[in-house]
Amino acid sequence: MPETSPLELHRAYRRLFGSADGLVVMDDLEKRGCFLRPTYSSDRGRTEFNEGRRSLVLHMKQMLDENNFIEKENNR
């Protein structure tokens with residue numbers, strides 16, 4: 001599969017997570033990914049695990065934020 005440009009990847013994220021199903025999935029990922037709650041746990045290794053989940057949700061949110069891609073869009 002050919003490499004996707006960052007702008008095209010942003011558009012794909014927006015199409016996917018802009019749908020009704022995508023909104024439901026994002027809500028679930030935010031809950032499971034410790035997006036709005038602390039990641040700390042007294043269980044060994046759990047904090048790191050929770051941070052890994054959270055970092056994926058943060059990446060998705062960054063990919064959905066059009067402000068990260070406006071300049072690229074304007075220069076296209």
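**Notebook: Glu30 and the chain around it**

I looked up Glu30 to begin with. Leaving aside neighbours within four places in sequence, I found Glu30 in contact with Phe35, Val57 and Lys61. I note that the model is a predicted one.

Next I asked where Glu30 sits. I placed Glu30 in helix α2, which covers residues 20–32.

Is Glu30 buried or exposed? I read a relative accessibility of 16% for Glu30.

I then turned to the overall layout. I counted 4 helices and 0 strands in the chain. Read along the sequence, I wrote the pattern down as α-α-α-α. The radius of gyration came out at 15 Å, well over the 11 Å that the globule rule gives for 76 residues, so I recorded the chain as more spread out than a compact globule. For the extent of the C-alpha trace along its principal axes, I have about 50 × 25 × 25 Å.

How are the contacts spread along the sequence? I took those between residues at least 6 apart in sequence, and 55% of them join residues at least 24 apart.

I listed 13 positive and 13 negative side chains. The centres of these two sets lie 3 Å apart.

Technical notes:
Residues numbered from 1 in each chain as written. Predicted model: local features only at pLDDT ≥ 70, side-chain atom pairs only at ≥ 80, totals over all residues. Heavy atoms only, no water. Helix = DSSP H or I, 4+ residues; strand = E, 2+ residues; numbered from the N terminus. Rg over C-alpha atoms; globule rule 2.2 N^0.38 Å. Contact = heavy atoms within 4.5 Å. Lys, Arg positive; Asp, Glu negative; His and termini not counted. Charge placed at Lys NZ, Arg CZ, Asp CG, Glu CD. Buried < 20%, exposed > 50% of the residue type's maximum accessible area, 1.4 Å probe, protein only.
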